[in-house]
Amino acid sequence: MTHNARQRFRAPSRPKLRDKDADDATFSSRAAHPKLGKSRAKTLDLERTAALIDRIAALQDKLYAQHKQKVLLILQGTDTAGKDGTVRALFSRVSPMGLRAVAFKGPTDNELAHDYLWRVHQHVPVNGEIAIFNRSHYEDVLITKVQGWIDDDECKRRYAQIRDFERMLAETGTVIIKVFLHISKEEQRERLQERLDDPDKQWKFNPEDIKQREKWDDYQRAYEKAIRETDAPHAPWYVVPANSKTHRNLVIASLLLETLEDMDLSYPPPHPDLSSFTVV
């Protein structure tokens, strides 16, 4: 039972990214049973997520065997929002066959010499595959806009190009799920400080994150507009509260499972000629 995550977390037509909403824990066991202790509720949520992942793994096996459809899961969010953690938590128990995660960093010189969608298009999923984008083509209407590398007219053109790109993917068999991991500014501060304080996590810290943090409000507005301009029935945006990592994983697992369950996945029918074969 996933409680219809797609309806609950679908981005509104005019999204407003408020810090207080990043703490929403609608799907948590504690929300359903307020008398539960925090530790017990977390254990239950971890168990629920594990059960969802088992069902995802079974459906992914059918997706790979059927080899007709494909799924693209896009994870976007500010630094420390939990994109890497989501991938580790949800897919470590799923068969690597038919599964691919792609992390988009700053573009190389060769990528910059092409149109901005070129490097993205070559990583979209093939038949039978789930592809997870850790960041994506949306960086080209987010950081580029906030940093002033493109103007309003170019940004508007890119929204239209992204809509066309995603419509083409959908019309050729790709099921698209776009997730914005919504954390608060204070939560980001705590996670950045944790990286600094832990010697084993300092490798994750990038001083550039501090500079980008100074433009927090600009990024929130850029995300709101990108979500508003590119949300579509065939490429929906979901805003997932992500201050709680446990609740974040539960919600995204629910979103993915509901999507897979609607895809009418099944194993290919047995080949009649094989019924006479015997392995000796």
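Predicted model: local features only at pLDDT ≥ 70, side-chain atom pairs only at ≥ 80, totals over all residues.
Residues are numbered from 1 along each chain as its sequence is written, and side-chain values use heavy atoms, with hydrogens and water left out.

View 1. Helices (H or I, at least four residues) and strands (E, at least two) are DSSP runs, numbered from the N terminus. Glu-258 counts as buried at 5% relative accessibility, and Arg-6 as partly exposed at 24%; buried means under 20% relative accessible area, exposed over 50%, and partly exposed in between (1.4 Å probe, protein chains only).

**View 2. Strand S1 and its parallel partners S4 and S3.** Eight of the eight residues of S1 (residues 70–77) are buried, so the strand is largely enclosed by the rest of the structure. Lys-70, Leu-72, Ile-74 and Gln-76 point one way from S1, while Val-71, Leu-73, Leu-75 and Gly-77 point the other way. Two strands pair if DSSP finds at least two bridges between them; eight bridges join S1 to S4 (residues 174–182), where Gln-76 stands opposite Phe-180, and five join S1 to S3 (residues 130–134), where Val-71 stands opposite Ile-130.

**View 3. The lining of the largest pocket.** A pocket is an open set of points on a 1 Å grid over the protein atoms alone where a 1.4 Å probe fits, with protein on both sides within 12 Å along at least five of seven lines, and lining residues have an atom within 4 Å of a point. Of the 49 residues that line the largest pocket, Asp-79, Lys-83, Lys-105, Arg-135 and Asp-209 are the closest to its centre. Helices that each supply at least two lining residues include H4 (83–91), H9 (185–197) and H11 (216–230).

**View 4. A network of salt bridges.** Asp-140, Glu-154, Arg-157 and Arg-158 are linked in this network, and the count for the model comes to 24 salt bridges.

Note on methods. Salt bridge = Lys/Arg side-chain N within 4 Å of Asp/Glu carboxyl O.
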